[in-house]
Amino acid sequence: MNYFNLFSNIMVTKGITRVLVSDLQRNTSELYPLELHELIEELKTTSVEEVLNHYDQESKVIVQDYLDFLLEKEFGFITQNGWDRNFPPLSYEYQDYNILSNIFVDLDDISILQSLKQSIENLEIRHLVIYCRRTLLLEELMQIDRMFSHAPLEGIEIFSQFHEAVDQHFIDTLNRNTARVYSLVFYSCGKAPFKDNDSLRFTVNFTDQALTISSCGKVNLDYFSTNLPKVLEAVNHNSCLHKKIGIDIHGHIKNCPAMPESYGNIKNTTLEEALKHQDFKKYWNLTKDYIEGCKDCEFRYICTDCRAFTERNHTERNGLDTSKPLKCGYDPYTGTWEDWSTHPMKQNAIAHYGLLHKTKVS
Ligand code: SF4
Ligand code: SF4
């Protein structure tokens, strides 16, 4: 008898209409028909020959094709006389020993970062995301990087308004004089002054969009990530807010700068104190398995959540908003994508968040 063994790095996420097969080693995800999921499940408890015997001659050919496909894609392997028990299944536990991992700051004055520096170090925060409402000068960008030269901070992502001084020389100088900046996005840029190139230590992107804090939270195939730690975090915790802290433009300490609840102001509250607030972590463990729509979606472990902009139509018994992210145009029940901003069912929530000023919210 032959037995099919699924490699432990292959994660199969069943949706209502399709199944997503993620290769957690190769960081890839692919969509397949639901029958593939049924076959994989059957092959976990039944030999290949017995599975094939369940079908008539015509269907047998299809099942054999699927099986060949699974082997060709290297999703599994065949053994004789039983399943290979030498490969234990991958643990889906998620361990992150940092108190916080992410801080997202909305600012127009970089001196704010100086007042947060000690807490960022104390809490061993690894990633800093800055959204600046104005243009950041070369010296300011280098100053931000220098500020954290002795901190455990691993990476800095910066969104700045574009300005004419940003050219190849500007970026090359930044490349030579920074260590932690890994992503730069210049918004409100009519025409990119040059193309991103591989010689840079960080990525540089230019967009003509006038990005604001409320531009955040878009769900799009381009943002999906089959990165093992991110997938494990999404299986166990909220894929956006777990271990995140946000500072809004007025210094209010929040889960993310776009959310309404404040847990103090940096003028008189430290990040450590805010973190102790009984409600601060309330969304940390809300996985997509509890979010309307998402719980039936095959993308739920590779997609980032958003609790700041939701459809505002579901609340669980403890008062947590479990509505689908507003800026997702995917319907897991039909397997189709639509423009979220023109969807009739979303118009009340779009109006609530004040996103109505544009006919089409991009
Ligand atoms: S909750 Fe939404 S707006 Fe806030 S950081 Fe996450 S995706 Fe962005
Ligand atoms: S429904 Fe949208 S937001 Fe929810 S998991 Fe699927 S793609 Fe992501």
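## Residue classes and the ligand 2 shell

Ala, Val, Leu, Ile, Met, Phe, Trp, Tyr, Cys and Pro count as nonpolar, Asp, Glu, Lys and Arg as charged, and the others, Gly among them, as polar. On this basis, the shell around ligand 2 in this predicted model comprises seven nonpolar residues, three charged residues and no polar ones.

The shell consists of V219, F224, K288, C294, C297, R300, C303, K324, P325 and C328. Its charged members are therefore K288, R300 and K324, since Lys and Arg belong to the charged class. The largest cavity is the space that ligand 2 takes.

## Cysteines

C294, one of the residues around ligand 2, has a relative accessibility of 9% and is therefore buried, the limit being under 20%. C256 is likewise classed as buried, because its relative accessible area is 10%. The number of disulfides is zero, where a disulfide would require a pair of cysteine sulfur atoms within 2.5 Å.

## Helix α7

Helix α7 spans residues 228–236, and its buried residues are V231, L232, E233 and A234. The elements that cover these buried residues include β2, which runs over 10–14.

## Helix α9 and A351

A351 lies in helix α9, which is formed by residues 347–352.

A351 and F77 are 274 residues apart along the chain, and 52 Å separates their C-alpha atoms.

Methods. Residues are numbered from 1 along each chain as its sequence is written. Chains are lettered from A and ligands numbered from 1 in the order in which they are written. This is a predicted model: local features need pLDDT of at least 70, side-chain atom pairs count only at pLDDT 80 or more; totals for chains, interfaces and linings use all residues. Side-chain values use heavy atoms; hydrogens and water are left out. A residue is near a molecule or strand if one of its heavy atoms lies within 4 Å of it. On a 1 Å grid over the protein atoms alone, a cavity is a set of points where a 1.4 Å probe fits but cannot get out, and a pocket is an open set with protein on both sides within 12 Å along at least five of seven lines; lining residues have an atom within 4 Å of a point. A molecule sits in a cavity or pocket if more than half of its atoms lie within 2 Å of its grid points. Buried means under 20% relative accessible area, exposed over 50%, partly exposed in between (1.4 Å probe, protein chains only). Helices (H or I, at least four residues) and strands (E, at least two) are DSSP runs, numbered from the N terminus. Contact means heavy atoms within 4.5 Å.
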